[in-house]
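Student: Please show me how to read the packing in this structure. I would like the general idea, and then the case at hand.

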Amino acid sequence: MTAITHHIPDALLAAYATGNLPQAYSLVVAAHVSLCLDCRATVEAHQAAGGVVLDSVGAEPVSDRLKSGVLDLLDAPFVPEPRFQRSGVFPGPVVEALKGKPPRWKSLGLGVRQSILAADRDGSVRLLSIPPGQAVPDHSHNGLELTLVLEGSFRDETGRFAVGDVEVADQSLEHTPIAEPGPACICLAATDAPLRFNALIPRLLQPLFRI
Amino acid sequence: MLAVRDQRDRAAFAALFDHFAPRLKGFVMRSGTSPAQAEEIVQEVMLTIWRKAGQFDPARAQVSAWIYQITRNRQIDMIRKDRRPRPEELDQDPETGPDPGQMLAVEQEAGQLKQALTRLKPNQREMIEKAYLGELTHQEISSQTGLPLGTIKSRIRLGLDRLRHELKELR
């Protein structure tokens, strides 16, 4: 396997580390960071800066009963936070978004399948499976789109994207990603707006498929 | 913190509480949270520190960095209905012992960052505080925060390299 060559820009990692990033993008960042030690180091560097801010932002006296309350609860039973580890090609955060189950694929035609993980008015995040040689319909974007490759690879006007790579696309990019030979290309894709397709018919189908 | 993690030392935890609880309350209240709700968050964060102490890795983070992350997770989980997506946790390699030099270096780099923050102009410092408090949109955050993060990032990368993780074999 080759090394990750397309990383997440620092500003987005900073937005993630500080909790300023919408949920859909946060899932892509958390999944990429699970695969990429460089980007993990950047996120943790921002957490170090966050710790410095926490340390210097100014203290407020706490009530006496807060401390005794916390100390009394140290032995109380608690439900540990769930820990999701990698399963097949899916990094832990994706497994968590799937609630530990396999994806429920829906066909979009021409062998392309999707599984929507979350969608609300702030954006959507989904898995896409694109058979080799197949193009994702030519589209441009209303907002920002982050696409992380989980299996296989794709190529478009801007380069080649393999496992672990993230493509960051905005309004200015009109591109046609085509899956390369090999296994179907499985991607995790997040947008903050519906995709616009350049052909008329896919545009009419958009509300139906939520692509 | 290490006494809390390794010996489950309650007196050490009480000292940690005395240091961090007021800072945490101040930090949470800066975002407009009421004092009563802020204390609820402080309680949950302090309990998480006790329960998850085994995950603290001084080769990668000063204590306040680890607590910052726990705090932001808690705040975001409260605002959103879904849990904030978190990266996979990395397990420490049982065969590599602690590296005091690395731990000290992380502490020193954090101290350098603190000094850098105090040297900034007031308006620049205010922007950084807003960013780390979570009060900016992602469009408002530029890669230039004004803090020199390069050296601590390299140091954390060394700490990460000490971990045995399956992605080393994967890639």
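Student: Is the crossing of α5(B) and α7(B) left-handed or right-handed?

Tutor: A crossing counts as left-handed if the near helix is turned anticlockwise from the far one by less than a right angle, and as right-handed if clockwise. For α5(B) and α7(B) the crossing is left-handed. Helices here are DSSP runs of H or I with at least four residues, strands are runs of E with at least two, and both are numbered from the N terminus. Before we go on: this is a predicted model, in which local features need pLDDT of at least 70 and side-chain atom pairs count only at pLDDT 80 or more, while totals for chains, interfaces and linings use all residues. Residues are numbered from 1 along each chain as its sequence is written, and chains are lettered from A and ligands numbered from 1 in the order in which they are written.

Student: At what angle do the axes of α5(B) and α7(B) cross?

Tutor: Two packed helices are described by the angle between their axes and the distance between the axes. Axes are lines fitted to C-alpha atoms, for helices over the stretch in contact, and angles run from 0 to 180 degrees between N-to-C directions. The axes of α5(B) and α7(B) cross at roughly 160° and come within 10 Å. The two helices are therefore roughly antiparallel; the classes are roughly parallel under 35 degrees, roughly antiparallel over 145, roughly perpendicular from 65 to 115, and oblique for the rest.

Student: Which residues of α5(B) and α7(B) meet?

Tutor: Two residues are in contact if their C-beta atoms, placed from the backbone, lie within 7 Å. From α5(B) come Gln102(B), Ala105(B), Val106(B), Glu109(B), Ala110(B) and Leu113(B), and they meet Thr151(B), Ile152(B), Arg155(B), Leu158(B) and Gly159(B) in α7(B). By class, this contact has six nonpolar, three polar and two charged residues. Nonpolar covers Ala, Val, Leu, Ile, Met, Phe, Trp, Tyr, Cys and Pro; charged covers Asp, Glu, Lys and Arg; the others, Gly among them, count as polar.

Student: How do α2(B) and α3(B) cross?

Tutor: Their axes come within 9 Å and cross at roughly 140°, which makes α2(B) oblique to α3(B). This crossing is right-handed. Among the residues in contact are Phe13(B), Phe17(B) and Leu24(B) of α2(B), and Ile41(B), Val45(B) and Trp50(B) of α3(B). The contact of α2(B) with α3(B) has 13 nonpolar, no polar and two charged residues.

Student: How many residues does each chain give to the contact between chain A and chain B?

Tutor: Chain B gives 62 residues and chain A gives 57. On the chain B side, α2(B) supplies the largest share, 11 residues. That side divides into 31 nonpolar, 12 polar and 19 charged residues.

Student: How do α3(A) and α4(B) cross?

Tutor: The axes of α3(A), residues 37-56, and α4(B) come within 7 Å and cross at roughly 95°, which makes α3(A) roughly perpendicular to α4(B). Gly50(A), Gly51(A) and Leu54(A) are among the residues that α3(A) brings, and Ala65(B) and Tyr68(B) are among those from α4(B). By class, the contact has six nonpolar, five polar and one charged residue.

Student: In what order do the six strands of the open sheet in chain A run?

Tutor: Two strands pair if DSSP finds at least two bridges between them. The order is β1-β2-β3-β10-β5-β8 in chain A, with antiparallel pairing. β1(A), residues 106-109, and β8(A), residues 166-169, are the edge strands, each pairing on one side only. Neighbouring strands are turned by 25° against each other on average, direction ignored. β1(A) and β2(A) pair over three bridges, and Gly109(A) has Val112(A) in β2(A) as its bridge partner. Helix α2(A), residues 23-35, packs on the sheet, and its direction makes about 140° with that of β10(A).

Student: Which strands form the open sheet of three in chain A?

Tutor: The order is β7-β6-β9, again with antiparallel pairing. β7(A) and β9(A) each have a single partner strand, so one side of each is left without a neighbour in the sheet. β6(A) and β9(A) pair over two bridges, and Arg155(A) stands opposite Ile178(A) in β9(A).
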